[in-house]
Amino acid sequence: MKAAYLIRCSTKKQDYERQVRDLNKLVKLWGYEPTPPERIYGEHITGKDDATVRDRASIQHIKEDAEKKLFDVILVSEVSRMSRDVTSGMWYVRQLTNLGMPIYFKDVEIWTIDPQTGIKNSNAESILNGAFMAASKYLKSMKTQIASGRRNSLAENKLILGGVPLGYKKNGGKDKETRLQLIIDEKTAPIVKDIFEMYVQEGCTMKTVGLVVAQKYGMKFSVSRIHLTLARPLYYSGKHLVTMIDPDTSEKEDFWLTAEPIISEELFNKAMVKRNTNRKVVEPYPVFRTYILSRLIKCPICGYSFSPRPRSGGKKGEKYRMINGKITYSWNCISRIDNKDNCDSHITLNDEKCTIILWEFIKEELISSANLSNEQRQEKIEHLSEKLVNAQNDIESYKVQQGQMQKRIKKAFEVYMDAPEQIQDIAKQKYYETAQKCQLEIAQCENKIESLISQTNMYLDELEYYKQPVKPIDIIEEAEKDETVKRKLFVELIDKIHPYSVSFGVVVLEIYAKTGIYYILLDTHQRGKKRIARYISGNLAIWQGGKRKLSDYEEGNYFLIDSILLAHKLTEDDIKNGKKYFDFDFKTTEALCSYNKWEINYDLW
């Protein structure tokens with residue numbers, strides 16, 4: 001006899017090993033063949049199952065192999081390892097029983113089918129139903145107890161949740177009353193002091209503090225981490241906020257832990273005043289005055305700004321490359337240039353090309369309505385507001401429809417579960433038919449909801465844009481004559497730019513504009529005076545080689561294109577499976593942009 005194990009374990013390795021050890025004893029006692037690792041089905045999983053939506057991976061896998069007759073019986077150490085939900089657990093048992101597969105539950109010492117005679121145990125379902133119900137109640141009770149324990153620990157000044165702030169550590173040791181309390185970390189507390197003391201000095205910025213601290217302590221410090229440190233009142237007040245969510249009510253509870261301060265309140269207040277008044281100025285420092293892209297291009301790897309460097313001359317005796325009597329520049333990551341960080345960025349951006357392309361993009365996409373009158377802008381606002389309300393109402397309608405389909409599935413499932421044995425096959429077929437039909441309708445609704453959500457996001461972005469103060473067309477004309485004015489427009493309309501390399505000379509620029517995120521596709525291999533770059537909204541595409549990538553999809557140099565753009569490509573299976581994105585490489589995405597007229601025609605000179 002060959003046995004398979006169904007395992008459900010916590011993140012602790014010991015839990016997994018204990019279940020396997022217990023089941024190995026049974027296999028040896030009964031004289032079965034030793035169970036190899038490939039016949040142990042299970043994974044780390046928390047929470048309840050829901051068989052009306054989908055089986056969990058281990059259940060699906062063991063069912064598939066049971067159909068192939070790869071083993072003779074299934075052993076489970078405890079009922080709760082099969083499932084912690086009554087309905088789902090009974091559904092799994094019935095599915096495997098219908099396959100003629102005997103299951104043994106060690107904790108209640110019961111077989112669903114006698115492995116020797118193949119006769120079903122008529123008492124198994126009622127016994128297991130009670131056991132599953134007890135497991136479900138125990139799970140709820142356990143969560144409540146854990147939450148209660150955490151609540152008590154937090155009330156006793158013990159850091160049981162969340163990370164430890166820089167400059168502190170847990171006390172440690174064997175004393176349960178003090179080992180989880182926050183105390184000053186003598187190794188990292190000086191870093192906190194240095195950050196505050198350096199920042200309040202005249203001329204220091206968060207970036208310069210981050211670079212100095214990183215070099216001094218050999219640790220990476222981004223501007224955002226410096227900002228987080230400077231904004232944490234704990235360092236002077238000695239009070240640390242921890243928020244916990246109650247599993248029974250889903251309400252948030254705040255707890256204040258106490259620790260010894262690291263700096264004085266006076267020093268913290270000086271830093272706070274500087275943070276509140278030292279906002280990002282529109283004008284760059286004098287040395288960067290003509291560099292329109294200064295402090296806008298950010299390295300997606302280390303977070304530091306790109307810095308301009310003169311391009312070497314291409315002719316004999318020419319120190320720098322010149323165009324129209326001006327030195328040309330390239331942009332590179334400053335931390336890589338100055339060896340401030342172990343950044344692996346190899347991207348080099350041509351200043352002339354990027355500036356021209358971004359300026360044409362700004363005119364085309366970000367301030368294209370500059371010549372609209374106030375009346376025209378108000379009409380657009382009212383029209384967009386109406387479309388937004390309609391889309392939101394449609395979303396709610398589709399959600400209600402989904403809920404109705406879920407109820408139909410659940411009702412059909414309950415009928416099947418309660419059906420007498422003589423009509424179980426009929427009830428089972430009816431359930432499958434109902435579930436298939438309803439799941440298809442749910443998937444169709446989900447696809448429509450996703451499409452409507454994308455539309456509402458675009459409507460909101462447009463509304464925000466049209467509600468902003470008008471940019472007169474003469475400002476555009478003035479900007480094309482005065483680089484200082486152009487620089488102001490760039491800073492007002494764009495927060496940051498993340499460049500990503502696709503291949504040599506081919507890049508994707510991720511633009512974080514005030515009105516949303518965009519991608520500019522730039523292939524620098526084009527020749528001739530007239531050249532084309534393409535762009536696409538971040539509401540419709542996601543670059544999987546960047547920070548915005550979706551974790552459910554493989555990382556790589558390609559785009560995920562929203563299915564609302566390619567509705568004609570959706571098959572019935574796509575709709576049934578709720579397909580949201582199509583994967584496109586750089587060239588295919590360029591063609592898609594060109595088809596939709598999302599193009600930037602630019603001349604170098």
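Select the lining of the second largest pocket: it divides into 14 nonpolar, 14 polar and 10 charged residues. Here Ala, Val, Leu, Ile, Met, Phe, Trp, Tyr, Cys and Pro count as nonpolar, Asp, Glu, Lys and Arg as charged, and the others, Gly among them, as polar. This is a predicted model, in which local features need pLDDT of at least 70, side-chain atom pairs count only at pLDDT 80 or more, and totals for chains, interfaces and linings use all residues. Residues are numbered from 1 along each chain as its sequence is written, and side-chain values use heavy atoms, with hydrogens and water left out.

Now colour Ile347, Thr348, Leu349, Gly505 and Val507, which lie nearest the pocket's centre. Helices (H or I, at least four residues) and strands (E, at least two) are DSSP runs, numbered from the N terminus.

Next, select helix 4, residues 86-98. Is this helix mostly covered or mostly open? Mostly covered: 11 of its 13 residues are buried, meaning under 20% relative accessible area, while exposed is over 50% and partly exposed in between (1.4 Å probe, protein chains only). Among the buried ones are Met90, Trp91 and Tyr92. Just after helix 4, pick glycine 100, which takes a positive phi of about 75°.

Last stop: glutamate 386, in helix 13 (residues 374-418). Glutamate 386 is exposed, with a relative accessible area of 51%. Now find tyrosine 459: it sits 73 residues from glutamate 386 in sequence, but 9.9 Å away in space, C-alpha to C-alpha.

How values were computed
On a 1 Å grid over the protein atoms alone, a cavity is a set of points where a 1.4 Å probe fits but cannot get out, and a pocket is an open set with protein on both sides within 12 Å along at least five of seven lines; lining residues have an atom within 4 Å of a point. The expected span of a helix is 1.5 Å times one less than its number of residues.
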